[in-house]
Amino acid sequence: MKNRKMKMARVEADVSQEKLASIVGVTRQTINLIEAGNYNPSLKLCTAICKALNKTLNDLFWEE
């Protein structure tokens, strides 16, 4: 399942995939895979992404 919430939050924050990857310590490809729904990130990576985008885990990763 695509992570549209994460992509929308990243775009709203005006942060590129490359910049977000640099902030959280992964490659741009990893961010792309998460947004495409092809990678299940660790809790540590999820929290780092949330902090970088000023969002909560529920905001970005909770499925409704």
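Colleague: Leaving aside neighbours within four places in sequence, which residues is R10 in contact with?

Modeller: R10 is in contact with V15, S16, Q17, L20, E35 and L53, where contact means heavy atoms within 4.5 Å. Before we go on: this is a predicted model, so local features need pLDDT of at least 70, side-chain atom pairs count only at pLDDT 80 or more, and totals for chains, interfaces and linings use all residues. Residues are numbered from 1 along each chain as its sequence is written, and side-chain values use heavy atoms, with hydrogens and water left out.

Colleague: OK. Where is R10 placed, and is R10 buried or exposed?

Modeller: R10 sits in helix α1; helices are DSSP runs (H or I, at least four residues) numbered from the N terminus. R10 counts as buried because its relative accessibility is 8%. The cut-offs are under 20% relative accessible area for buried, over 50% for exposed, and partly exposed in between, with a 1.4 Å probe and protein chains only.

Colleague: And A36?

Modeller: A36 lies in helix α3. At 29% relative accessibility, A36 counts as partly exposed.

Colleague: Switching to the core. Which residues have the most contacts inside the largest nonpolar core?

Modeller: Those are M6, L20, V24, I31, I49, L53 and L60, in a core of 13 residues. A nonpolar core here is a set of buried Ala, Val, Leu, Ile, Met, Phe, Trp, Tyr and Cys residues joined through side-chain atoms within 4.5 Å.

Colleague: Which helices supply at least two residues each?

Modeller: α1, α2 (17-24), α3 (28-36) and α4 (43-53) each do. The largest share, four residues, comes from α4.

Colleague: What does L60 touch, not counting residues up to four places away?

Modeller: L60 touches N3, K5, M6, A9, I49, C50, L53 and K55.

Colleague: What about the largest pocket, what volume does it have?

Modeller: About 340 Å³. A pocket is an open set of points on a 1 Å grid over the protein atoms alone, where a 1.4 Å probe fits, with protein on both sides within 12 Å along at least five of seven lines. The volume is the space filled by probe spheres set on the points, which are joined across faces, edges and corners.

Colleague: How many residues line the largest pocket?

Modeller: 16, with M1, K2, N3, F61 and E63 nearest its centre; a lining residue has an atom within 4 Å of a point. α1 (4-12) and α5 (57-61) are the elements that give two or more residues to that lining.
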